[in-house]
Amino acid sequence: MLGAIIFTVVISKYVSASDQLWRNLANKDFIYNNTYKYDNIIDVIVNSTKTQILDFTEESELLSGFPTRVHVSTNDTTNLEYPLFVTAVQQKGVSSWELPLVIPTRTAVLQFNDMARTLCPHDAGPNITAQSRPTLTLATSSPENILVKIKLKRVQNFYVEVDKEVTLNMTPSSPKYYYFSFDRDPWNLTETKNSTYIPKFNYKPKSVLLMIDSDDDVCAFVSIQNNSCPVFDNEKDMLYQGYYFTMSHKGGITITQSMFPRGFYIVFIVKESDEDCTGISDSESGVRNPGSRFKTFRFRAMEAVSYGDYITGVLVVLALMSCVALLGPIGTAIYCKSRTQPNTQHLPEPVNTKGVEEIVLNDETPGPSSSRTEPSVSESVPVLNHDSNDSDLESEPDIGNSLPMPLNVAGLSRACPVAQTRRSNRYFWSALTVAVVYALPVVQLLFTYQRLIFQTGDQDVCYYNFLCAHPLGVLADFNHVYSNIGYVILGLVFMAQIRCRRKFRNIDNQELGIPQHRGLLYSMGLALVMEGLLSACYHLCPNKMNFQFDSSFMYVIAVLCMIKLYQSRHPDVNASAHTTFMLLALLMAIGCLGMMYPNKYFWTFFTIMHLGVCFILTLQIYYVGRLKIEPSIVVKAWKGIKQHGRSAFIPVYRARGVLLVIANIANWALAGYGIYEHGKDLARHLLAILLGNTLLYTLGYVVLKLVHREKISIATLLWLALAHVSWVLAALLFTDSKTHWSQTPAQSRNLNAVCSALNMLDSHDLWHLASASAIFFSFNALLILDDPLADTPRHLIPVF
């Protein structure tokens with residue numbers, strides 16, 4: 001009984017609804033007209049009782065091969081409660097829109113009373129004969145009349161030709177798209193009368209570079225979609241197919257035939273706000289007026305690089321790096337050959353040290369490499385005895401008392417050969433451990449990013465120079481990955497040089513020359529190799545979240561070079577491998593935090609820490625690592641000032657003091673620049689600090705050698721000259737950045753530029769090659785810088 005009642009109620013409601021529908025249909029007038037023509041503005045009136053059905057004709061079939069574009073506008077008084085619905089029926093599809101077109105933003109609503117759409121060319125492809133003309137239906141529920149203006153026209157520049165610029169104007173309500181085919185002769189119209197109106201080509205490239213420009217600041221979307229219908233020409237739907245990116249002034253992408261075998265559509269959409277391009281919300285930028293959302297584009301499809309260009313670029317880069325790499329082994333072979341028979345005419349007579357704790361040398365008579373500018377003090381300086389206690393190095397002098405002068409290497413080289421070698425080797429094994437543990441997750445993460453691009457099509461994830469990013473296989477930017485090969489080659493060659501020097505001559509004599517630290521040198525070569533590998537991984541998908549992968553081993557290289565220089569004259573008071581890599585870990589953490597929270601408070605904290613570290617290192621370097629930083633140091637310093645007056649500020653080690661003052665001035669300048677700019681790019685600022693101090697320390701070391709009248713070989717001068725020229729070139733190329741991950745993707749695209757060398761490389765590729773060469777030259781200079789002292793007793797080699 002209950003079921004019967006429910007059935008009766010449902011049937012009655014259905015009959016009532018059907019009756020209402022038939023009454024509404026009976027009250028409607030369907031006006032059909034097939035006399036309308038293309039390229040004419042048509043005025044029609046619709047309301048709740050009047051629906052317009054329009055068919056169109058053309059005077060000629062000459063343009064029938066091009067798709068149709070529909071322009072519709074209404075009066076400004078159209079009620080949002082009763083929108084106008086526009087339906088276009090084609091042979092193979094139906095499209096519909098409504099007016100007014102309402103586009104919401106986060107803080108406002110944009111309303112457009114006009115719109116334009118290009119109807120999907122269902123027959124676009126190799127066998128086009130003609131595009132069908134649509135039937136339009138205009139309907140509304142508005143009780144008041146709505147005046148509608150309609151115009152249909154053929155899009156005569158729809159088919160994109162190679163190297164031909166196309167200009168278009170757009171608003172958010174009038175997206176446009178164009179078609180490019182990789183077919184040699186894509187339109188089969190050779191025997192029809194309209195063939196003269198369809199562009200035809202004798203040659204089509206297998207890949208094209210799409211270059212887009214605009215003089216307007218308005219933000220826009222560009223989408224590359226497959227040749228299929230429907231074409232997604234609105235913001236929400238376009239995310240589901242092909243590739244897409246944001247742009248304001250400049251954009252580009254390389255497209256290959258393997259990506260879109262049947263050709264592709266280039267879709268342009270003006271965004272409702274500029275937030276995605278500027279990173280500033282509407283409330284901050286004040287964008288409100290829909291009339292301001294007007295943008296003009298210019299674009300063209302150019303032939304991309306051929307496989308011949310790929311091969312040429314690869315071979316030239318490889319040849320160039322091989323030539324640079326050969327300089328190292330040639331120089332090392334010449335040196336090793338000349339040093340096979342060491343010169344012993346200046347060697348001191350062996351001293352019987354059996355049963356003697358230490359040997360005392362009188363410093364009143366300066367050695368051949370001692371300083372002539374610093375005052376001599378008649379003071380005995382102990383020289384290394386292999387049985388001496390290392391705890392002697394831990395003695396701390398009073399701040400008011402100067403160290404013995406002239407201090408020599410023998411006094412700071414007391415460790416036994418086995419302990420010294422073990423300490424040096426820890427650098428290499430620590431560097432190798434860090435490299436493996438650090439690199440594996442980096443490779444995994446970056447390949448995940450690479451797959452993400454192909455799966456989602458979002459080109460805003462990675463900050464490429466899209467105008468010089470050449471895809472090859474699974475790599476979206478092959479050239480920026482491959483150009484890092486120089487780091488790897490030169491790093492391996494440098495490590496081979498270290499082994500060669502050890503094979504040709506035993507340089508572990510504990511009484512002569514500068515103590516060798518091969519483990520540290522090996523770690524420098526390994527750091528150079530890892531810089532190349534991690535930089536290549538970074539360029540799989542460069543962005544803000546992984547820039548530290550590109551710069552991490554640059555930090556390592558800079559720090560290891562400074563330690564190498566300091567360790568040359570301070571063998572036993574240098575930082576241990578564990579301390580060094582803990583410091584590097586701290587630097588990487590600071591760089592990461594600086595990219596995540598780039599505000600003025602962090603920059604203030606970083607600047608204070610930077611200057612504090614400079615102050616501490618200044619004291620440690622000046623007092624040869626024998627000054628203990630403790631709270632009582634302030635009291636001792638004050639007592640020293642009161643006791644000695646102005647003379648307390650006069651450095652005893654003048655040359656060292658002057659260079660430390662210069663280094664502090666340079667660091668204060670860098671700190672001031674950083675706090676003034678306080679941008680988002682802390683990683684580059686940190687890299688500038690480390691590399692700047694490394695170059696400054698190298699220059700200071702060379703100056704101190706000259707001050708102490710030590711010989712600098714011609715080979716060293718050549719390596720230093722090559723290094724400085726390469727560093728200057730590398731710095732110029734580095735500052736000529738074509739991308740910037742601290743900005744939005746659209747702002748970064750504004751910096752993009754076409755390749756500047758071999759149609760294959762841009763300034764950042766050249767930076768890879770120049771910086772790899774500069775580091776290699778610098779390594780070789782450091783390697784042989786103190787070779788002229790190889791036969792000099794250590795008690796005659798000064799410390800500075």
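Me: What kinds of residue make up the lining of the largest pocket in this predicted model?
Reply: The lining divides into 31 nonpolar, 12 polar and 3 charged residues. Leu and Val count as nonpolar. Asp, Glu, Lys and Arg count as charged.

Me: What is the volume of the largest pocket, and which residues are closest to its centre?
Reply: The largest pocket holds about 1500 Å³ of space. Its lining has 46 residues, and the closest to the centre are Met562, Leu583, Val613, Leu617 and Ile621. Two or more lining residues come from each of α9, α10 (577-596), α11 (600-622), α13 (654-677) and α14.

Me: Which element gives the largest share of that pocket's lining?
Reply: It is α14, with 11 residues.

Me: Why is a space called a cavity and not a pocket?
Reply: A 1.4 Å probe fits inside a cavity but cannot get out, whereas a pocket is an open set of points. The whole structure has 6 cavities of 30 Å³ or more. The largest cavity has a volume of about 290 Å³. Its lining has 27 residues, and Tyr538, His539, Asp550, Arg684 and His764 are the closest to its centre.

Me: Why is α8 described as largely enclosed?
Reply: Buried means under 20% relative accessible area. In α8, 20 of the 21 residues are buried, so the rest of the structure largely encloses this helix.

Me: How do you know what span to expect for α8?
Reply: Take 1.5 Å times one less than the number of residues. With 21 residues in α8, the expected span is 30 Å. From first C-alpha to last, α8 reaches 30 Å, close to that expected value.

Me: What makes β15 and β18 a pair?
Reply: Two strands pair if there are at least two bridges between them. Strand β15 (residues 220-226) and strand β18 (residues 264-270) have 7 bridges, in the antiparallel sense. The two strands therefore meet the rule for pairing. Asn226 stands opposite Phe264 in β18. Strands of a sheet pair through backbone hydrogen bonds.

Me: What is the strand order in the open sheet of 4 strands, and which are the edge strands?
Reply: The order is β13-β18-β15-β16, with antiparallel pairing. β13 (176-180) and β16 (243-247) are the edge strands, as each pairs on one side only. On average, neighbouring strands of this sheet are turned by 20 degrees against each other, direction ignored.

Conventions. Residues numbered from 1 in each chain as written. Predicted model: local features only at pLDDT ≥ 70, side-chain atom pairs only at ≥ 80, totals over all residues. Heavy atoms only, no water. 1 Å grid on protein atoms, 1.4 Å probe; cavity = no way out; pocket = protein on both sides within 12 Å on 5 of 7 lines; lining within 4 Å. Points joined across faces, edges and corners; volume = space filled by probe spheres on them. Buried < 20%, exposed > 50% of the residue type's maximum accessible area, 1.4 Å probe, protein only. Axes fitted to C-alpha atoms, helices over the stretch in contact; angles between N-to-C directions.
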